[in-house]
Amino acid sequence: MKNPEHVQRVISALRKEGTDKLQVISDFDMTLSRFGFNGRRCPTSHNILDNSRVISEEGRKKLKDLLQYYYPIEIDPNQTMEEKRPLMVEWWTKAHNLLLEQKILKSDIAKIVRESEVMLRDGANTFFDQLHQHNIPLFIFSAGVGDVLEEVLRQAEVFHPNINVVANYMDFDDKGVLRRFKEPLIHTYNKNNTVLEKTEHFQLLSSRTNIILLGDSLGDLSMADGVPNVENVLTVGFLNDKVDERRGKYRDAYDIVLEKDETLDVVNGILCYIL
Ligand code: TMP
Ligand code: MG
(Lines give C-alpha, C1' and ligand atoms only; values in the text may rest on other atoms or scores of the structure.)
(Ligands and ions follow the chains in the order given, each with its own letter.)
Protein backbone atom coordinates (compact mmCIF):
# COMPACT_ATOMS: atom_id res chain seq x y z
CA MET A 1 0.00 0.00 0.00
CA LYS A 2 1.29 3.41 -0.86
CA ASN A 3 -1.11 5.09 1.56
CA PRO A 4 -2.25 2.78 4.36
CA GLU A 5 -4.15 5.58 6.15
CA HIS A 6 -6.29 6.12 3.05
CA VAL A 7 -6.99 2.38 2.83
CA GLN A 8 -7.96 2.31 6.48
CA ARG A 9 -10.29 5.30 6.04
CA VAL A 10 -12.03 3.79 3.03
CA ILE A 11 -12.46 0.38 4.65
CA SER A 12 -13.92 2.02 7.77
CA ALA A 13 -16.37 4.00 5.63
CA LEU A 14 -17.40 0.85 3.71
CA ARG A 15 -18.02 -0.94 6.98
CA LYS A 16 -19.94 1.93 8.53
CA GLU A 17 -22.21 2.50 5.53
CA GLY A 18 -23.12 -1.14 5.23
CA THR A 19 -24.04 -3.67 2.60
CA ASP A 20 -26.90 -1.70 1.00
CA LYS A 21 -24.52 0.86 -0.43
CA LEU A 22 -21.85 -1.54 -1.65
CA GLN A 23 -21.15 -3.03 -5.06
CA VAL A 24 -18.14 -4.97 -6.30
CA ILE A 25 -16.72 -4.45 -9.78
CA SER A 26 -14.17 -6.97 -10.98
CA ASP A 27 -12.13 -7.98 -13.96
CA PHE A 28 -12.20 -11.72 -14.74
CA ASP A 29 -9.05 -13.11 -16.37
CA MET A 30 -6.06 -13.19 -14.04
CA THR A 31 -8.09 -11.38 -11.35
CA LEU A 32 -10.82 -13.85 -10.42
CA SER A 33 -9.04 -16.62 -12.31
CA ARG A 34 -5.55 -17.79 -11.40
CA PHE A 35 -2.47 -16.53 -13.23
CA GLY A 36 -0.43 -19.64 -12.51
CA PHE A 37 -0.42 -22.99 -10.78
CA ASN A 38 2.60 -25.17 -9.97
CA GLY A 39 4.84 -22.97 -12.08
CA ARG A 40 2.59 -23.15 -15.16
CA ARG A 41 0.51 -20.34 -16.59
CA CYS A 42 -3.24 -20.77 -16.33
CA PRO A 43 -5.35 -19.89 -19.37
CA THR A 44 -7.39 -16.74 -19.94
CA SER A 45 -10.90 -17.21 -21.32
CA HIS A 46 -9.48 -16.71 -24.82
CA ASN A 47 -6.70 -19.23 -24.15
CA ILE A 48 -9.28 -21.81 -23.01
CA LEU A 49 -10.58 -21.78 -26.58
CA ASP A 50 -7.12 -21.42 -28.19
CA ASN A 51 -5.76 -24.51 -26.43
CA SER A 52 -8.80 -26.67 -27.01
CA ARG A 53 -9.20 -29.60 -29.38
CA VAL A 54 -11.71 -27.74 -31.55
CA ILE A 55 -8.95 -25.44 -32.87
CA SER A 56 -6.82 -26.70 -35.75
CA GLU A 57 -3.07 -27.09 -35.31
CA GLU A 58 -2.49 -24.14 -37.64
CA GLY A 59 -5.09 -21.96 -35.89
CA ARG A 60 -3.54 -22.72 -32.51
CA LYS A 61 -0.10 -21.70 -33.75
CA LYS A 62 -1.37 -18.42 -35.16
CA LEU A 63 -3.23 -17.59 -31.91
CA LYS A 64 -0.09 -18.38 -29.93
CA ASP A 65 2.00 -16.14 -32.18
CA LEU A 66 -0.46 -13.29 -31.56
CA LEU A 67 -0.21 -13.82 -27.81
CA GLN A 68 3.58 -13.81 -27.95
CA TYR A 69 3.60 -10.60 -29.95
CA TYR A 70 0.87 -8.59 -28.22
CA TYR A 71 0.96 -9.72 -24.56
CA PRO A 72 4.36 -8.04 -23.89
CA ILE A 73 2.86 -4.84 -25.32
CA GLU A 74 -0.25 -5.20 -23.11
CA ILE A 75 1.88 -5.27 -19.95
CA ASP A 76 4.74 -2.99 -21.06
CA PRO A 77 5.21 -0.32 -18.34
CA ASN A 78 7.00 1.95 -20.80
CA GLN A 79 4.13 2.47 -23.24
CA THR A 80 1.06 4.57 -22.47
CA MET A 81 -2.51 3.30 -22.67
CA GLU A 82 -3.06 5.63 -25.62
CA GLU A 83 -0.17 3.98 -27.47
CA LYS A 84 -1.41 0.51 -26.61
CA ARG A 85 -5.07 1.03 -27.45
CA PRO A 86 -4.90 0.61 -31.26
CA LEU A 87 -2.59 -2.39 -30.85
CA MET A 88 -5.05 -4.08 -28.49
CA VAL A 89 -7.86 -3.54 -31.03
CA GLU A 90 -5.55 -5.20 -33.57
CA TRP A 91 -4.90 -8.19 -31.25
CA TRP A 92 -8.54 -8.77 -30.38
CA THR A 93 -9.67 -8.35 -33.99
CA LYS A 94 -7.09 -10.79 -35.33
CA ALA A 95 -7.76 -13.32 -32.55
CA HIS A 96 -11.53 -13.17 -33.01
CA ASN A 97 -11.17 -13.57 -36.78
CA LEU A 98 -9.03 -16.68 -36.26
CA LEU A 99 -11.60 -18.09 -33.82
CA LEU A 100 -14.37 -17.44 -36.36
CA GLU A 101 -12.52 -19.60 -38.92
CA GLN A 102 -12.73 -22.56 -36.54
CA LYS A 103 -16.52 -23.01 -36.69
CA ILE A 104 -16.79 -23.40 -32.93
CA LEU A 105 -20.04 -24.98 -31.74
CA LYS A 106 -22.04 -23.49 -28.86
CA SER A 107 -22.69 -27.03 -27.67
CA ASP A 108 -18.91 -27.62 -27.29
CA ILE A 109 -18.24 -24.74 -24.91
CA ALA A 110 -19.03 -26.65 -21.70
CA LYS A 111 -16.72 -29.51 -22.72
CA ILE A 112 -13.95 -27.12 -23.79
CA VAL A 113 -14.07 -25.44 -20.36
CA ARG A 114 -14.23 -28.77 -18.51
CA GLU A 115 -11.14 -30.04 -20.32
CA SER A 116 -9.16 -26.82 -19.84
CA GLU A 117 -6.64 -25.94 -17.13
CA VAL A 118 -8.54 -22.86 -15.97
CA MET A 119 -8.71 -22.31 -12.21
CA LEU A 120 -10.36 -19.67 -10.09
CA ARG A 121 -8.17 -18.11 -7.40
CA ASP A 122 -8.01 -19.87 -4.06
CA GLY A 123 -10.81 -18.55 -1.89
CA ALA A 124 -13.08 -17.87 -4.86
CA ASN A 125 -15.95 -19.86 -3.39
CA THR A 126 -15.89 -17.81 -0.18
CA PHE A 127 -15.73 -14.61 -2.23
CA PHE A 128 -18.68 -15.43 -4.49
CA ASP A 129 -20.76 -16.92 -1.68
CA GLN A 130 -20.22 -13.97 0.69
CA LEU A 131 -21.37 -11.48 -1.94
CA HIS A 132 -24.36 -13.63 -2.83
CA GLN A 133 -25.42 -14.12 0.78
CA HIS A 134 -25.35 -10.38 1.43
CA ASN A 135 -27.07 -9.50 -1.87
CA ILE A 136 -24.14 -7.42 -3.03
CA PRO A 137 -24.10 -6.92 -6.78
CA LEU A 138 -20.97 -8.22 -8.49
CA PHE A 139 -20.29 -6.72 -11.89
CA ILE A 140 -17.74 -8.66 -13.91
CA PHE A 141 -16.33 -6.40 -16.62
CA SER A 142 -14.15 -8.49 -18.88
CA ALA A 143 -12.31 -8.19 -22.15
CA GLY A 144 -12.41 -11.99 -22.27
CA VAL A 145 -15.02 -14.22 -23.89
CA GLY A 146 -18.35 -13.94 -22.04
CA ASP A 147 -19.73 -17.36 -22.98
CA VAL A 148 -16.53 -19.02 -21.75
CA LEU A 149 -16.15 -17.15 -18.49
CA GLU A 150 -19.82 -17.71 -17.61
CA GLU A 151 -19.26 -21.41 -18.13
CA VAL A 152 -16.20 -21.32 -15.86
CA LEU A 153 -18.36 -19.77 -13.13
CA ARG A 154 -21.21 -22.22 -13.78
CA GLN A 155 -18.91 -25.24 -13.50
CA ALA A 156 -17.48 -23.86 -10.25
CA GLU A 157 -21.08 -23.46 -9.03
CA VAL A 158 -20.58 -19.79 -8.22
CA PHE A 159 -22.60 -18.13 -10.99
CA HIS A 160 -25.14 -16.65 -8.56
CA PRO A 161 -27.99 -14.27 -9.50
CA ASN A 162 -26.18 -11.24 -7.99
CA ILE A 163 -23.64 -11.44 -10.86
CA ASN A 164 -23.82 -9.38 -14.04
CA VAL A 165 -21.28 -9.83 -16.82
CA VAL A 166 -20.23 -7.50 -19.60
CA ALA A 167 -17.68 -9.13 -21.91
CA ASN A 168 -17.15 -10.17 -25.55
CA TYR A 169 -20.06 -12.49 -26.25
CA MET A 170 -20.23 -14.90 -29.15
CA ASP A 171 -23.08 -14.94 -31.62
CA PHE A 172 -24.08 -18.33 -33.02
CA ASP A 173 -26.12 -19.07 -36.17
CA ASP A 174 -29.25 -21.24 -36.08
CA LYS A 175 -27.09 -24.37 -36.32
CA GLY A 176 -25.18 -23.30 -33.22
CA VAL A 177 -21.99 -22.40 -35.11
CA LEU A 178 -20.00 -19.30 -34.09
CA ARG A 179 -20.60 -16.63 -36.73
CA ARG A 180 -19.36 -13.41 -35.09
CA PHE A 181 -18.55 -11.67 -31.83
CA LYS A 182 -21.12 -9.17 -30.62
CA GLU A 183 -20.34 -5.46 -30.48
CA PRO A 184 -18.84 -3.49 -28.85
CA LEU A 185 -15.39 -5.03 -28.83
CA ILE A 186 -13.95 -4.87 -25.30
CA HIS A 187 -10.18 -4.96 -24.89
CA THR A 188 -7.87 -4.24 -21.95
CA TYR A 189 -7.82 -0.49 -22.44
CA ASN A 190 -11.42 0.46 -23.24
CA LYS A 191 -13.08 -0.94 -20.11
CA ASN A 192 -15.05 2.18 -19.36
CA ASN A 193 -18.31 3.92 -20.00
CA THR A 194 -17.83 4.01 -23.77
CA VAL A 195 -18.59 0.29 -24.04
CA LEU A 196 -21.38 0.39 -21.43
CA GLU A 197 -23.47 3.11 -23.03
CA LYS A 198 -26.21 0.74 -24.10
CA THR A 199 -26.46 -1.03 -20.74
CA GLU A 200 -28.41 0.42 -17.84
CA HIS A 201 -26.34 -1.54 -15.42
CA PHE A 202 -24.90 1.24 -13.25
CA GLN A 203 -28.07 3.36 -13.43
CA LEU A 204 -30.03 0.49 -11.88
CA LEU A 205 -27.55 0.45 -9.01
CA SER A 206 -27.55 4.18 -8.34
CA SER A 207 -27.86 3.72 -4.57
CA ARG A 208 -24.68 1.62 -4.54
CA THR A 209 -22.20 4.45 -4.19
CA ASN A 210 -19.46 2.47 -2.41
CA ILE A 211 -17.24 0.33 -4.57
CA ILE A 212 -14.63 -2.35 -4.26
CA LEU A 213 -12.80 -2.65 -7.58
CA LEU A 214 -10.59 -5.63 -8.43
CA GLY A 215 -8.25 -5.82 -11.41
CA ASP A 216 -4.91 -7.03 -12.69
CA SER A 217 -4.28 -4.46 -15.39
CA LEU A 218 -3.97 -0.69 -15.19
CA GLY A 219 -6.78 -0.67 -17.75
CA ASP A 220 -9.12 -2.16 -15.15
CA LEU A 221 -9.09 1.04 -13.08
CA SER A 222 -11.59 2.75 -15.39
CA MET A 223 -14.20 -0.01 -14.94
CA ALA A 224 -16.15 2.06 -12.38
CA ASP A 225 -16.15 5.28 -14.43
CA GLY A 226 -19.85 4.90 -15.24
CA VAL A 227 -21.01 4.68 -11.61
CA PRO A 228 -22.99 7.79 -10.63
CA ASN A 229 -22.35 9.66 -7.34
CA VAL A 230 -19.42 7.53 -6.18
CA GLU A 231 -18.61 8.04 -2.51
CA ASN A 232 -15.91 5.57 -1.48
CA VAL A 233 -13.77 3.36 -3.72
CA LEU A 234 -11.25 0.76 -2.68
CA THR A 235 -9.12 -0.56 -5.52
CA VAL A 236 -7.22 -3.83 -5.26
CA GLY A 237 -4.71 -4.73 -7.98
CA PHE A 238 -3.21 -8.16 -8.61
CA LEU A 239 0.34 -7.73 -9.87
CA ASN A 240 0.95 -11.13 -11.43
CA ASP A 241 3.80 -10.68 -13.88
CA LYS A 242 6.87 -8.45 -14.38
CA VAL A 243 6.48 -7.51 -10.73
CA ASP A 244 9.68 -5.49 -10.23
CA GLU A 245 9.24 -3.46 -13.41
CA ARG A 246 5.61 -2.61 -12.71
CA ARG A 247 5.54 -2.24 -8.91
CA GLY A 248 5.86 1.57 -8.92
CA LYS A 249 3.06 2.17 -11.39
CA TYR A 250 0.75 -0.30 -9.62
CA ARG A 251 1.39 1.25 -6.21
CA ASP A 252 0.60 4.69 -7.62
CA ALA A 253 -2.58 3.46 -9.24
CA TYR A 254 -4.12 0.86 -6.90
CA ASP A 255 -4.86 1.35 -3.18
CA ILE A 256 -3.72 -2.19 -2.41
CA VAL A 257 -1.31 -4.15 -4.62
CA LEU A 258 -1.06 -7.92 -4.22
CA GLU A 259 2.14 -9.28 -5.67
CA LYS A 260 2.13 -12.85 -6.99
CA ASP A 261 -0.80 -13.70 -4.73
CA GLU A 262 -2.92 -16.46 -6.25
CA THR A 263 -5.62 -16.13 -3.59
CA LEU A 264 -8.59 -13.93 -2.85
CA ASP A 265 -7.71 -14.03 0.86
CA VAL A 266 -7.05 -10.31 1.26
CA VAL A 267 -10.30 -9.41 -0.49
CA ASN A 268 -12.20 -12.00 1.55
CA GLY A 269 -10.68 -10.62 4.74
CA ILE A 270 -11.82 -7.11 3.87
CA LEU A 271 -15.31 -8.35 2.95
CA CYS A 272 -15.54 -10.34 6.16
CA TYR A 273 -14.70 -7.19 8.16
CA ILE A 274 -17.13 -4.98 6.23
CA LEU A 275 -20.13 -7.31 6.00
P1 TMP B 1 -9.87 -9.67 -18.87
O2 TMP B 1 -10.30 -8.29 -19.19
O3 TMP B 1 -11.00 -10.51 -18.36
O4 TMP B 1 -8.67 -9.72 -17.99
O5 TMP B 1 -9.47 -10.38 -20.27
C6 TMP B 1 -8.50 -9.91 -21.12
C7 TMP B 1 -7.27 -10.76 -21.16
O8 TMP B 1 -7.32 -11.70 -22.23
C9 TMP B 1 -6.08 -9.88 -21.41
O10 TMP B 1 -5.23 -9.87 -20.32
C11 TMP B 1 -5.42 -10.48 -22.63
C12 TMP B 1 -6.03 -11.83 -22.80
N13 TMP B 1 -6.14 -12.30 -24.20
C14 TMP B 1 -5.65 -13.57 -24.47
O15 TMP B 1 -5.14 -14.26 -23.59
N16 TMP B 1 -5.77 -14.05 -25.76
C17 TMP B 1 -6.33 -13.34 -26.77
O18 TMP B 1 -6.42 -13.80 -27.91
C19 TMP B 1 -6.82 -12.02 -26.46
C20 TMP B 1 -7.44 -11.19 -27.55
C21 TMP B 1 -6.70 -11.56 -25.15
MG1 MG C 1 -7.40 -9.37 -16.43
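Which backbone N or O atom lies 2.8 Å from an oxygen atom of ligand 1? I started my notebook with that one, and the backbone atom belongs to Ala-143.

**Ground rules**

I am working on a predicted model, where local features need pLDDT of at least 70, side-chain atom pairs count only at pLDDT 80 or more, and totals for chains, interfaces and linings use all residues. Residues are numbered from 1 along each chain as its sequence is written, chains are lettered from A and ligands numbered from 1 in the order in which they are written, and side-chain values use heavy atoms, with hydrogens and water left out.

**Entry: ligand 1**

Back to ligand 1, whose oxygen contact with Ala-143 opened this page. I found an N or O atom in the side chain of Ser-142 at 2.8 Å from an oxygen atom of ligand 1. Asp-29 also reaches an oxygen atom of ligand 1, with a polar side-chain atom at 2.9 Å. For polar contacts I use pairs of N or O atoms within 3.5 Å; within protein, one must be able to donate a hydrogen and the other to accept it, and residues adjacent in sequence count only if both atoms are side-chain atoms.

How much of ligand 1 does the protein bury? Taken alone, ligand 1 exposes 480 Å², and the protein buries 96% of that. These areas come from the Shrake-Rupley method with a 1.4 Å probe; for residues, only the protein chains shown count as cover.

Helix H2 (45-50), H3, H4 and strand E4 (138-145) are the elements that give two or more residues to the shell around ligand 1. My helices (H or I, at least four residues) and strands (E, at least two) are DSSP runs, numbered from the N terminus. I count 15 residues around ligand 1, and Asp-27, Thr-44, Glu-74, Ser-142 and Lys-191 come nearest. A residue is near a molecule or strand if one of its heavy atoms lies within 4 Å of it.

**Entry: the magnesium ion**

Next I looked up ligand 2, a magnesium ion coordinated by Asp-27 (OD), Asp-29 (O) and Asp-216 (OD) at 2.1 to 2.2 Å. Donors are N, O and S atoms within 2.8 Å of the metal (3.2 Å for Na, K and Ca); water is not among the atoms, so sites may look incomplete. The donor spacing in sequence reads D-x1-D-x186-D. Asp-27 sits in the loop between strand E1 (22-26) and strand E2 (36-37), while Asp-216 sits in the loop between strand E8 (210-215) and strand E9 (232-239), 189 residues apart, and the pair links these distant parts of the chain.

Are these two aspartates buried or exposed? Asp-27 is buried at a relative accessible area of 5%, and Asp-216 is buried at 16%. The cut-offs are under 20% for buried, over 50% for exposed and partly exposed in between (1.4 Å probe, protein chains only).

Met-30 belongs to the loop between E1 and E2 and is buried, with a relative accessible area of 5%. Lys-260 also has a positive phi, near 45°, but this residue is exposed at 58%. I found Lys-260 in the loop between strand E10 (256-259) and helix H10 (265-274). The peptide bond from Glu-183 to Pro-184 is cis, with omega near -10°, and Pro-184 lies in the loop between strand E7 (178-181) and helix H8 (201-204).

**Entry: charges**

How many salt bridges does the structure hold? I have 21, each a side-chain nitrogen of Lys or Arg within 4 Å of a carboxyl oxygen of Asp or Glu. Glu-231 and Lys-21 form one of them, at 2.6 Å, N to O. Glu-231 is in the loop between E8 and E9 and Lys-21 in the loop between helix H1 (4-17) and E1, so the pair ties together parts that are 210 residues apart in sequence.

Glu-150 and Arg-154 also meet in a salt bridge (2.9 Å, N to O); both lie in helix H7 (residues 146-155), 4 residues apart, about one turn of the helix. Asp-171 pairs with Arg-180 at 2.9 Å, N to O. I also logged one network in which salt bridges that share partners join Arg-34, Arg-121, Asp-122 and Glu-262.
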